[in-house]
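Subject: Structure handover

Hi there,

Here is the structure I promised to pass on, with my notes on it below. Have a look at it first, and then read on.

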Amino acid sequence: MNKGQIRTMVREFLNEPVAAFWTDATLDTWINQAIRKVSIQIKNTSRYHFTTRATFPTVAGQEYYQLPANLKDLKLISKITTDQTEIPLAVAHWPNPFVWTEDPLPTSTSTNPTDVPAGCWIVGQSIRLLPIPTSAVTIRLYYEARLVDLVNDT
């Protein structure tokens, strides 16, 4: 269902088939507010209901990767092994990620392919994988996406 169809339904409930008292802009504002309120109620019932995922491959020698633009709350980061098993990565928390990262700090490229990557730092809108991958590894992010207002009628 799109915003135009929702607005038409609202007009049916208001018994106003064409814009007379309620403008389209006013109804659009109320529709977007209602979506946020319903989303909060659903999230209060099931906090993982809106969890989505994104998968991306790493590049050998690259340690920083952009997080999805619609990311609101990061839930879990895992690497996917060749047998499709997901292994969660340790996330080092800011403002001092060194406390949460095992010694020695694995900033250099690791020679053991089974431990790449073993953890990560969240740095602004990026993720830093530690140690730096030496080959392509699949990383999966589980996160709650940011709600956006409905803009187009279609």
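Phe21 sits in the loop that runs between helix H1 (3-14) and helix H2 (24-45). Please keep in mind that this is a predicted model. Is Phe21 buried or exposed? With a relative accessible area of 64%, Phe21 is exposed, because the cut-off for that class is over 50%. Phe21 also belongs to a nonpolar surface patch with Leu14, Trp22 and Trp30, and together these residues have about 460 Å² of accessible area.

Next, the sheet. Four strands make up an open sheet with mixed pairing, in the order E2-E7-E6-E5. Strand E2 (64-66) and strand E5 (90-92) are at the edges with a single partner strand each, so one side of each has no neighbour in the sheet. On average, neighbouring strands here are turned by 30° against each other, direction ignored.

E6 and E7 pair in the antiparallel sense over five bridges, and Gly119 is opposite Leu130 in E7. These two strands, E6 and E7, form a hairpin with two residues between them, and Gly124 in the turn has a positive phi of about 60°.

How covered is strand E7 (residues 126-130)? E7 is mostly covered, as five of its five residues are buried. In a regular strand, side chains alternate between the two faces of the sheet. In E7, Ser126, Arg128 and Leu130 point one way while Ile127 and Leu129 point the other way, and all are buried.

Now to the charged side chains. The count of salt bridges comes to 14, and three of them may interest you.

- Asp153 and Lys3 meet through their side chains in a salt bridge (3.8 Å, N to O). Asp153 is in the segment after strand E8 (138-145) and Lys3 is in helix H1, so this pair ties together parts that are 150 residues apart in sequence. Asp153 is partly exposed at 36% relative accessibility, whereas Lys3 is buried at 5%.

- Asp24 and Arg7 form a salt bridge whose closest N and O atoms are 3.8 Å apart. Asp24 belongs to helix H2 and Arg7 to helix H1, so the pair links parts that are 17 residues apart in sequence. Asp24 has a relative accessible area of 34% and is partly exposed, while Arg7, at 9%, counts as buried.

- Glu144 and Lys43 meet in a salt bridge (2.9 Å, N to O) between their side chains. Since Glu144 lies in strand E8 and Lys43 in helix H2, the pair ties together parts that are 101 residues apart in sequence. Glu144 counts as buried at 5% relative accessibility, and Lys43 is partly exposed at 29%.

Which residues do shared partners join into one network? Through salt bridges that share partners, Lys3, Arg7, Arg11, Glu16, Asp24, Asp28 and Asp153 are joined into one network.

Over to you, and happy exploring!

Best wishes

Definitions and conventions:
Residues numbered from 1 in each chain as written. Predicted model: local features only at pLDDT ≥ 70, side-chain atom pairs only at ≥ 80, totals over all residues. Heavy atoms only, no water. Patch = residues over 30% accessible without salt bridge, like charges linked within 9 Å, V, L, I, M, F, W, Y side chains within 5 Å. Areas by Shrake-Rupley, 256 points an atom, 1.4 Å probe, with all protein chains shown as cover. Salt bridge = Lys/Arg side-chain N within 4 Å of Asp/Glu carboxyl O. Buried < 20%, exposed > 50% of the residue type's maximum accessible area, 1.4 Å probe, protein only. Pairing = 2+ DSSP bridges. Axes fitted to C-alpha atoms, helices over the stretch in contact; angles between N-to-C directions.
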